[in-house]
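Have a look at the sequence and the 3D structure shown here, and keep them open while you read. We will walk through some of the features together.

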Amino acid sequence: MFILKLAWKNLWRNRVRSAITMAAIFFAVLLSVLTSSLKNGIFDNLINNLVGLYSGYIQIHRKGYWDDQLLDNALQTSSSAEKKILSNRNVLHLSARLESFALASTGEITKGCKIIGINPFEENNITLLASKLIQGKYLKEKDNGILVAEGFLKRVRLHLNDTLILLGQGYHGSTAAGKYPIKGIVRFGLADLNNNVIYMPLLLAQDMYGAQNMATSYALSLSNAKELDITANELRRSLSETYEVMTWEEMMPDIKQHISSDTQSMLVVQTILYLLISFGIFGTLLMMMAERKYELGMLVAIGMKKARLAWLLLLESVMTVFLGCIAGIAASIPVVYYFNRYPIRITGDMAKAYEQFGFEAIFPTSLGLSNFISQGVIVLLIGLALSLYPVYTVWKLNPVEAMKK
Amino acid sequence: MKTVIDAHNISKVYNKDKIPVYAINNVHLHIELGEFTALVGPSGSGKTTLLNLIGGLDTPDAGKIEINGTDITALRSNELIDFRLKNIGFVFQSFNLIPVLTAEENVAFIMELQGMSKAERQNRIKTLFGQIGLEDKLNSRPSQLSGGQQQRVAVARALASKPQFVLADEPTANLDTASANKLMDIMALLNKEEQMTFIFSTHDPRVIERARRVITLVDGSIVSDTAQVNIYSTNGHEK
Ligand SMILES: Nc1ncnc2c1ncn2[C@@H]1O[C@H](COP(=O)(O)OP(=O)(O)OP(=O)(O)O)[C@@H](O)[C@H]1O
Ligand SMILES: [Mg+2]
């Protein structure tokens, strides 16, 4: 207890030095919390846009569908399989989809498009499709109308309430065709979607393609996106071999790649940052130990055990680091909140690239607690590692030598 | 009389590989309880070395040092530190105190290292600060005390843990005459009141004449060892 008190007092014996050390730690923590929360925020945003609002975190297909995306590889919808999937504790919603291609014709213009048959209510739970509606009405389960993406509608020069003729190849080679009124118009950020997609109720799509009770995929949303792989594995174990369970990372490996390479470059930046402050702290430790050499020798001479003295110095370093760290975290909280509310907006080529991916070029920060805690822990560990130097010095200390002037 | 220090044939050699320097050369030293002994000799004669050896701060290259029957040359370094804490009080020439602690805390500190209870500590501090005449400086930092006052606090600290003896290496070297006299008065008083054994090195003739025994070192050997009558009363110096 008195060691703790002494450590605290020693902390303030050279105020300028302590202040400099703490300031270095403060800025390192602040910067590093900001970079990490920005990085995580950007990726969360990206995943939300791309994965959450489009593919779903996990998809379940009939085995082989993903490699050969044909209607003939569709699965038979089964309420027992759906129940099994929904019984997983991390699965929030499930939506069956029937996706295929068709030619859309107005009489004068014919364009290829992607048809997605959906359960309107369940799909909206996952991808918030209704929020993309810019004109008309959202679909109902038994509607016989369609939702057309804004870009596609422009390509075929039609308007709300016009009728579109769809032609395609149905299940097992049958002919799929029908005339469908345009009930609503949806807009997507992702150009690929916006220019090509038509939504219709699942029943209507099954009917058109002659694929009763069939779906090409089940899209799932999760309550905890971090447990992606765990959940996928659990589903693989609970479902029969005829299904394939795929995470978004498996379906879109290039996005996954982008995130992990960005994460790595961020790590490099953070490592440099931490190396810099490590040298700074080490410098002040060297100075401090040189200055206190006589005093430390004197303490050992009068009978202070080296282990206790080492503990004292360890406490001093940990306190310094801890104070700087707490201050840095405290200061980063409002900044992180600010940039979460008012995200950084990028412009220029970068922005275009992001828009091509289909989402706004904004960089919000992540409010995740782990951003704060992990940086705090890293700095604390650095502090502990550096305080091995004073501990080592004390271990080697010879009081007679140390007290020689 | 009870023997506190019994050193036989101790030697300390520096520079062994080149031209060896016998800082202490085959010295015998016998110190009994209650002594008030000065260690004198020219600069480089080995006073500090000898004090370091009998204080367990340094180990001899030859010989044996027994303190109260314990052979300290046989102790391992950690045991030796503990031995010093419990048995030997130290007063150094200067910078004895921890600058961030008050006078009281500096003295309490060593008692805390010893694991003394709070009540015991408070009692002891009261007695000691009375004896060193600094009851009003309990809460002063070392930087707020004069050099003489700092040395007095160092003496209080040396006695705090009730050691077997106190070693003081030139305790008055940095003090003016009045402060040096005051410090010697206090050491003499503690020697009398607490039966505390003091061994101090010095160059100062006025300090030497306070001792009851004077050991003279030259080139690492004891050349004379004489008893002398202390001409001072225990409560103060010459009127
Ligand atoms: N670490 C060391 N390495 C080499 N020689 C040393 C060392 N310490 C002391 N000596 C030598 O040992 C001898 C005795 O030194 P010591 O410090 O004990 O003398 P002293 O009597 O205390 O002198 P002073 O009155 O100046 O304090 C000297 O010749 C000194 O140079
Ligand atoms: Mg000396």
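## The two sides of a helix

In this predicted model, the exposed residues L369(A) and L381(A) sit on the face of helix α14(A) that is turned away from its buried side. Helix α14 covers residues 369-386 of chain A, which makes 18 residues. From its first C-alpha to its last it reaches 26 Å, close to the 26 Å expected at 1.5 Å a residue.

Which residues of α14(A) are buried? They are N371(A), F372(A), Q375(A), G376(A), V379(A), I382(A), G383(A) and L386(A). These residues lie on the same side of α14(A) because they cover an arc of only 125 degrees around the axis.

V377(A) has its place in helix α14 of chain A.

## Two domains in chain A

Stepping back, the domain assignment divides chain A into domain 1 (2-51 + 256-402) and domain 2 (64-240). How far apart are the C-alpha centres of domain 1 and domain 2 of chain A? They lie 49 Å apart.

A pair of residues gives another distance to look at. I146(A) and I272(A) are 126 residues apart in sequence, and their C-alpha atoms are 54 Å apart in space. I146(A) belongs to strand β6 (residues 146-149) of chain A, and its relative accessibility of 0% makes it buried.

## Salt bridges

How many salt bridges does the structure hold over all chains? There are 26. One of them joins K154(A) to E150(A), with the closest N and O atoms 3.9 Å apart. Both residues are in helix α5 (residues 150-155) of chain A, four residues apart, or about one turn of the helix. Elsewhere in chain A, a network of salt bridges links R97(A), E99(A), K114(A) and E123(A).

Chain B has salt bridges to explore too. In the one between E35(B) and R213(B), the closest N and O atoms are 2.9 Å apart. This pair links distant parts of the chain, 178 residues apart: E35(B) is in the loop between β2 (21-32) and β3 (36-40) of chain B, and R213(B) is in strand β9 (residues 213-218). Both E35(B) and R213(B) are buried. E112(B) forms a salt bridge with R121(B), where the closest N and O atoms are 3.7 Å apart; R121(B) is buried, at 15% relative accessibility.

## Positive phi angles in loops

Finally, look at two loop residues. L128(A) is not a glycine, yet it has a positive phi of about 55 degrees. You can find L128(A) in the loop between α4 (120-127) and β5 (133-136) of chain A, where it is partly exposed at 43% relative accessibility.

Q195(B) is not a glycine either, and its phi is positive at about 60 degrees. Q195(B) lies in the loop between α6 (177-193) and β8 (197-201) of chain B. With 43% relative accessibility, Q195(B) counts as partly exposed.

Conventions
Residues are numbered from 1 along each chain as its sequence is written. Chains are lettered from A and ligands numbered from 1 in the order in which they are written. This is a predicted model: local features need pLDDT of at least 70, side-chain atom pairs count only at pLDDT 80 or more; totals for chains, interfaces and linings use all residues. Side-chain values use heavy atoms; hydrogens and water are left out. The expected span of a helix is 1.5 Å times one less than its number of residues. Buried means under 20% relative accessible area, exposed over 50%, partly exposed in between (1.4 Å probe, protein chains only). The arc is that of the directions from the helix axis to the C-beta atoms. Domain bounds come from an automatic or database domain assignment. A salt bridge is a side-chain nitrogen of Lys or Arg within 4 Å of a carboxyl oxygen of Asp or Glu.
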